[in-house]
Amino acid sequence: MAFLEINNVSKIFGQAVAVNDFNLQIERGELVSFLGPSGCGKTTTLRMVAGFEIPTSGRIVVNGEDITEKAPNQRDVGMVFQAYALFPNMTVADNIGFGLMIARKPAADRKKRVAEMLDIIHMADFGARFPYQLSGGQQQRVALARALALSPQVLLLDEPLSALDAKIRVSLRAEIRSIQRKLGITAIYVTHDQEEALSLSDRVVVMNGGRMEQVGTPFEIYNFPKTEFVAQFVGQLNSVKAEVVDPASNRLKMDGQQVQTAESLLSYHAGDQVVVAIRPERLSFTTEGVKPNVLDCSIENITFLGSVVRVTVKVGQFNLFMDTFNNPFLELPKIGDKAQVTCSREAVLVVK
Amino acid sequence: MKRRGKIWAWFFIILGILYFFLPLLATFLFSLRAKLGVLSFQAYANVFSDPKFIRNFSASLLWATLTIVVGVLLFVPTAYWVRLKVPQFRVAVEFITLIPFVVPAIVYVFGLVRTYSHPPLLIVDSPALLVAAYTILSMPYLYRAIDIGLRSIDVRTLTEAAQSLGAGWGTILFRIIIPNIRVAILNGAFLSFAIVMGEYILAQYLAKPAFAPYMAVLIQNRAYEPAALAVISFALTWACMGLISLVGRGQQTQIAGGH
């Protein structure tokens, strides 16, 4: 039995199905991200775990105890909000110690725990300040410390970094992950930022329209998307319509040029239309001539993105993006040049 | 052109000040003429030494204090709950809070007397009825001030944050919500205080001691003392306004950068 189980949970608001038959088992100490666009149901699912919404159907079990109907203040679940939600009338120390005070912990224990938490978030000297005297990043660290001070069974983070600027987001997400690992706390992290989800999660749940599209490790989600939505939503992707040529040898035709995939096409028939997905970084220039997975193309555009150079090539009627690491000595073709690009059979994904 | 506009602006400012302050100044000067031929504070001394003034003024202070306590206990949870749980009813509730502006006090007091002067609700003599009536009268000021205060904080997220830390409704209300809207509550409280201290009709028709009916009686018998009372009444209202702007300034310093 997993530590946190979300079993067949659905949530319906009036006529709108916000979450549809959500099933997930999370092990103790695991950090799972819910990733998806706005309105996909990720925050509603999180709020059902927190107790702010009651599921229309299904059960939520934490450590063997059914908490589906429990009030939010009875759940032993800590939460960090996008808007920080620090109590403006209290100092940093009082904010962190608030849950401990509610739990009637002795003053000495409270003081000790608050000092510990301030140390963990590297804000030992900030205890006497008020929230309005802190930056956004500092406020969110205090909110994290406050949620963790009571050592809750589960930590919920609802887009905690969305209101911060890019640089702080990157450093704080590493800090959140490090604290979560150090304390071994089970956590659910809601985000619409794929980079955030991929970089700090043990597993990622990609959601769309209230449904789970795919659950897997960041590696699986990125490299082996099971649906076109996942392929499109996670990372940059070339998504091209293709026709099955020979299911036995896994051959497809993209606008007249043949490619071969490592995936089995035995469930398809010759002539079936499918969508082929190729990550831009899996494509490279070649001079190997006419072979499967070598495509004739012309250079459409070259964009310098810092560490990466993105080349847009035109293959028949469609464009493909190709990413290559920046290198000061890189010899790039010119716009309009004829060229050939290639990729491995494993790079050619057939998505539903 | 700019200079001419400025002259007109000053003209209207001075006109406004004269319109407002001249009667007040005249009342004040009149109140100083209780002793023949000299300016003195004799009228004020007479007022302050009158036991009836002390009794009526203290009664009004008590009604005002009780009105504020009852109003805060009633309106803070109501405004909070409406904002948190039934925001769709906010417009309807706002409309209800404005009713005391629409219903004249005289109509209101006759309604109260008719309703509560025979069994089973024979409470027309109870001071509780006067306090309840004052609470309704202060509703447009107190409720709206509280509602504006609640608008300035993220009620839902703060509530949920407190809940996730184990807090119940009482703790959330008294430790999180009220401290964060205390300036708004104080604003409403000072306004209510000023309204109740100057209220005449309810106290008069419910036959309870109060500052305004005492002043009305005094006007019929004396000349200078009512003028002194009018000045005292103005001073009291201004003190309330001054306190509102003082606590309001404190709030701005605290909120700055908070959101």
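Visitor: How do you know that chain B is in contact with chain A, and how many residues take part?

Guide: In this predicted model, 20 residues of chain B are in contact with 21 residues of chain A. A contact here means C-beta atoms within 7 Å, so those residues meet that cut-off.

Visitor: Which element gives the most to the side of chain B that touches chain A?

Guide: That is α8(B), with six residues. The elements giving two or more residues are α8 (155-164), α9 (169-180) and α13 (224-255) of chain B. By class, this side of chain B has eight nonpolar, 10 polar and two charged residues.

Visitor: Staying with chain B, what makes helix α10 close to its expected span?

Guide: Helix α10 of chain B, residues 182-198, has 17 residues. At 1.5 Å a residue, 24 Å is expected, and the helix reaches 24 Å from its first C-alpha to its last. Helix α10(B) is also mostly covered, as 14 of its 17 residues are buried.

Visitor: Over to chain A: why are β6 and β10 called edge strands?

Guide: The open sheet of six strands runs β6-β7-β8-β3-β9-β10 in chain A, with mixed pairing. Strands β6 (77-80) and β10 (211-216) each pair on one side only. Pairing needs at least two bridges.

Visitor: How do you know that β3 and β9 of chain A pair, and in which sense?

Guide: Strands β3 (residues 31-35) and β9 (residues 203-208) of chain A share four bridges, in the parallel sense. The cut-off is at least two, so they count as paired. Within this pair, V32(A) stands opposite R203(A) in β9(A).

Technical notes. Residues are numbered from 1 along each chain as its sequence is written. Chains are lettered from A and ligands numbered from 1 in the order in which they are written. This is a predicted model: local features need pLDDT of at least 70, side-chain atom pairs count only at pLDDT 80 or more; totals for chains, interfaces and linings use all residues. The expected span of a helix is 1.5 Å times one less than its number of residues. A residue is buried if 20 or more other C-beta atoms lie within 10 Å of its own, exposed if 12 or fewer, and partly exposed in between; C-beta atoms are placed from the backbone. Two residues are in contact if their C-beta atoms, placed from the backbone, lie within 7 Å. Ala, Val, Leu, Ile, Met, Phe, Trp, Tyr, Cys and Pro count as nonpolar, Asp, Glu, Lys and Arg as charged, and the others, Gly among them, as polar.
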